Amino acid sequence: MPETDWEPVFDEHTSEDEVAGFVAAVKRSPRRRDALVRLLPEQNPLYLNRGANEVIRLRGYVLAAFEQTGMPEAALPYVLEELENGRDAYLVAAAAKALRSFDRPTTELLPFLFKAVENIKYADDTLTFESYRPRWPAAHPTTALKELFITFGCLGAHARSAVADLENLLENRRDAFSASVRAEIERAVERIRADETDIGADCCTLPKNLNLLAERFRRGRPTPASMAAVEFEDQDGNVLTFSDFFSRRPSIVVFFYSRCDNPHKCSLTVTKLARLQQAIEEAGLDGQLKTAAITYDPAYDLPPRLKAYGQNRGVRFGADKRMLRSRNNFKELENYFDSGVSFIGSIVNRHRIELFILDDKGGIAYAFTRLQWEVREVLDLAASLLENAHRPAQTAKPLKVAAPPPAYARTVSNSILNAAPPLLLAFFPKCPLCWAAYLSAFGITGLQGIPYSPWALYVLIILMLSNLVLVYRRATRMKEFAAFYLALSGTLIALVSNLYLRLDYASYLGAAMIFSGSLLSSLPSKRNFLLLPLINRGQNGVGE
Amino acid sequence: MMDVSEYRKQYEEQLKRGAGGQARLRDVLDRSKSVPERLDALESVRGAKGQDVVGDIVNLVRNKDEDLELRISALDGVSSEVGEHHVLIDVTLALLADQSEPPLLRRAAFRVLQQSSFRTILFQPRRPEYLAVLRGVVTDADPQLRLLAIETLAVEKDGEVQTRLIEGLKNPSVALVPPEKAIEFLGYDLHGSYYPLLREMVETSPNPAARREAVRLLSADATSKDMLARLLQDKSEDAEIRTISATALQSIAPAEFEAQAKQIALDEEEDDDLRAVCLSALDYFGDQESLNRDEEFNRGIDRLSSRAQSGALESASGELKSAGGELERASGELERAADRFIKRRRQ
């Protein structure tokens with residue numbers, strides 16, 4: 001293959017040797033390394049209709065090439081994904097090799113390496129990266145554990161905090177490692193100790209929210225109309241459409257399939273979904289957030305299998321808590337979520353970990369991909385979405401990843417704003433004589449510059465009625481009408497007492513009722529009125 | 001349960017063996033003695049432990065000049081010590097890898113390693129070496145050893161072995177194992193790339209065993225649904241293939257299976273074994289509500305069930321002769337299945 005910047009397009013028909021040839025070419029021209037990153041997403045047609053082992057070989061060979069080319073930051077999620085969740089020795093070893101050439105080494109990588117050691121110690125294998133199709137016995141065989149400990153050593157001073165744990169492995173878990181691996185651990189410790197570089201406290205941290213790769217992606221883009229008709233069948237055989245389920249309330253969606261043989265992926269994801277459901281209940285948000293687990297393997301994961309898989313992992317079922325299989329158009333679903341999954345025929349040959357938080361219209365608000373998600377983090381973001389949905393549309397602000405401000409503070413301030421028009425109405429001078437009375441009360445200096453404006457009365461009335469409409473819409477969504485009735489009564493009293501009866505004290509009563517109604521309506525749920533402080537505290541305390 | 005006196009007797013014998021262990025070990029190593037004498041002595045030191053004893057036995061196992069039976073017995077005798085002595089793993093791995101050693105001894109080495117792989121946690125660190133040695137045995141001259149190595153690696157979902165198995169199915173001249181074995185081994189990994197090849201084999205292979213294994217494996221592949229349904233419908237197809245197709249179809253397309261199974265169960269011209277399988281599958285895995293609603297089907301099952309009851313009466317009165325052989329046995333099974341079906345619904 002000529003070594004130009006030309007980037008080939010691979011698909012299911014491309015031979016493995018052709019891909020290996022391209023990787024070798026990039027190794028000789030490291031400036032083209034980004035082309036290797038583009039081979040890593042599961043959606044790449046390269047992986048279509050290949051066996052899982054073929055996919056492992058291809059991805060492993062690409063990852064290992066970063067050792068020569070240098071690893072760009074864009075490859076980091078793929079590398080950390082293998083270290084954190086990988087169960088195949090070849091891929092884990094490849095990820096370890098890639099990490100050595102990351103130009104921003106940091107102590108934050110150490111937990112991923114230790115996790116990989118634990119993951120692979122009973123599934124290690126002899127392997128080699130000498131060539132794409134090595135001949136056995138290989139001239140320079142290695143193992144995933146050896147590669148991991150070599151990487152510890154390569155991190156040098158950045159792995160200083162790992163020395164005690166590495167020595168502990170040598171002393172207390174000697175039998176867990178072969179002599180050659182123990183020798184590698186000893187070399188790593190020596191290498192780390194020999195590196196006296198001052199790395200400083202703040203040097204080279206990992207990008208924040210690494211798995212939150214697409215914060216509020218597609219924001220503003222409507223859910224495609226074709227999605228609304230995508231049909232699902234749930235664990236009990238009930239049929240429903242995307243728009244039936246993913247509407248009215250925000251949802252948390254995970255993807256899985258029951259035949260997944262990596263316990264760190266689908267099985268753990270669904271187990272954590274059950275924990276998330278529990279955390280939602282404990283936070284008093286049950287009934288306001290929906291949860292769904294959608295299978296990648298709808299042809300095999302029929303309702304009884306969905307139910308058994310969920311039940312065995314503690315998943316709760318209900319109208320807002322379902323496990324789903326696509327009935328008619330999984331491709332549409334796959335496109336919408338940009339799912340990191342590839343298939344051979346109908347069988348999954350590779351997938352990433354995926355969790356999505358959808359807004360109350362089914363739009364994707366957040367995506368957690370590849371790395372393990374935390375129950376608390378997901379709950380915080382979903383709750384913030386819920387709070388955002390409660391605000392009037394014209395005042396909604398873009399969401400931030402940072403912890404949301406205290407809900408009750410916003411609630412009170414919004415309610416005060418809502419109650420302002422009736423109060424102003426109550427105090428509004430309804431005739432030139434009243435205006436004169438105000439002038440006498442406050443003095444000419446204060447109000448002489450303000451012209452008498454009878455039209456402002458109608459502005460205040462419009463504002464009051466607008467507030468009433470908003471409270472009504474919120475009431476229909478929450479199916480709780482007490483707040484609306486209170487605000488309606490208050491509005492009527494305020495209008496009648498001001499415009500016809502001229503009873504000021506009744507105006508104040510109306511304003512107070514509008515204020516109370518607005519306040520009640522702004523809360524997440526009237527059930528939660530007393531729980532608000534707890535909810536906000538829980539967002540920082542609910543974890544796995 | 002063992003009698004206490006028996007236990008005491010055995011324990012005393014064990015102590016005696018231990019006391020005389022050193023003397024008996026000398027007998028084992030004494031090449032002037034006959035092989036039966038040395039084998040007898042070896043039996044006596046079987047329970048003996050300790051670095052020296054194990055070291056002497058290991059030397060015996062490694063000595064190519066020693067009698068083969070003695071070497072194999074010696075290796076078997078120390079197999080339980082693998083967790084205590086790392087050297088035993090080294091020796092056993094070397095024996096398995098050494099193609100100049102007799103196949104019988106290498107098979108014994110394989111057995112020891114295989115047992116150790118799940119018996120002792122100390123084996124786990126040596127797993128990469130074990131798998132590497134097995135890869136070398138995949139093309140071994142000894143077919144039995146080859147088969148053992150291939151199966152072990154297939155269970156580990158080894159990519160290299162899968163590739164070779166698929167190559168062997170495509171081109172029998174390079175096949176390492178018979179096609180039915182190759183398919184069985186590929187089945188350890190359902191994420192493989194072999195489904196199109198299996199479908200082709202079902203259509204074209206002249207080997208019934210290979211076809212049966214292929215159909216069995218296709219039960220994991222939803223895209224094979226139509227083929228399985230067709231096989232089940234085809235009355236000219238081998239009955240066993242149809243039965244396996246029925247099971248496979250039930251797994252991936254229960255609704256389609258149910259529709260076909262109902263027809264087959266009531267079809268007097270169908271194979272009775274297949275009818276019984278279909279009826280049992282409907283009974284245990286079918287959609288009970290839709291089955292209960294299907295009056296025509298239930299009437300047919302009632303007829304079958306009443307035949308079962310009359311058959312039982314005939315049998316009791318001794319009038320039922322077994323002259324019909326297999327056919328009668330199968331018919332009996334079908335009617336019993338129908339009877340069970342009815343009874344479960346009445347419960």
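**Exercise 1.** How many residues does helix H6 of chain B have, and how far does H6(B) reach from its first C-alpha to its last? State also which residues of H6(B) are buried.

*Solution.* The model is predicted: local features need pLDDT of at least 70, side-chain atom pairs count only at pLDDT 80 or more, and totals for chains, interfaces and linings use all residues. Residues are numbered from 1 along each chain as its sequence is written, while chains are lettered from A and ligands numbered from 1 in the order in which they are written.

Step 1. Helices (H or I, at least four residues) and strands (E, at least two) are DSSP runs, numbered from the N terminus. H6(B) covers residues 86–97, which makes twelve residues.

Step 2. The expected span of a helix is 1.5 Å times one less than its number of residues. H6(B) reaches 17 Å, close to the expected 16 Å.

Step 3. A residue is buried if 20 or more other C-beta atoms lie within 10 Å of its own, exposed if 12 or fewer, and partly exposed in between, with C-beta atoms placed from the backbone. In H6(B), the buried residues are Leu88(B), Ile89(B), Val91(B), Thr92(B), Leu95(B) and Leu96(B).

Step 4. Seen down the helix axis, these buried residues fall within an arc of 165° (taken from the directions from the axis to the C-beta atoms), so they line one face of H6(B).

**Exercise 2.** Describe strand E5 of chain A and its partners.

*Solution.* Step 1. E5(A) spans residues 251–256, and six of its six residues are buried.

Step 1. Ser251(A), Val253(A) and Phe255(A) point one way, and Ile252(A), Val254(A) and Phe256(A) point the other way. In a regular strand the side chains alternate between the two faces of the sheet.

Step 2. Two strands pair if DSSP finds at least two bridges between them. Six bridges join E5(A) to strand E6 (residues 290–295) of chain A, and the two run parallel. Within this pair, Ile252(A) has Thr291(A) as its bridge partner.

Step 3. From E5(A) the chain crosses through helix H12 (residues 263–282) to E6(A), in a right-handed β-α-β crossover. Right-handed means that, with the strands pointing away from the viewer, the path from the first strand over the helix to the second runs clockwise.

Step 4. Strand E10 (residues 354–358) of chain A is joined to E5(A) by four bridges and runs antiparallel to it. Here Ser251(A) stands opposite Leu358(A).

**Exercise 3.** Where is Val315(A), and is Val315(A) buried or exposed?

*Solution.* Step 1. Val315(A) sits in the loop between helix H13 (303–311) and strand E7 (321–326) of chain A.

Step 1. Val315(A) counts as buried because 23 C-beta neighbours lie inside 10 Å.

Step 2. Two residues are in contact if their C-beta atoms, placed from the backbone, lie within 7 Å. Leaving aside neighbours within four places in sequence, Val315(A) is in contact with residues including Val270(A), Leu273(A) and Met323(A).
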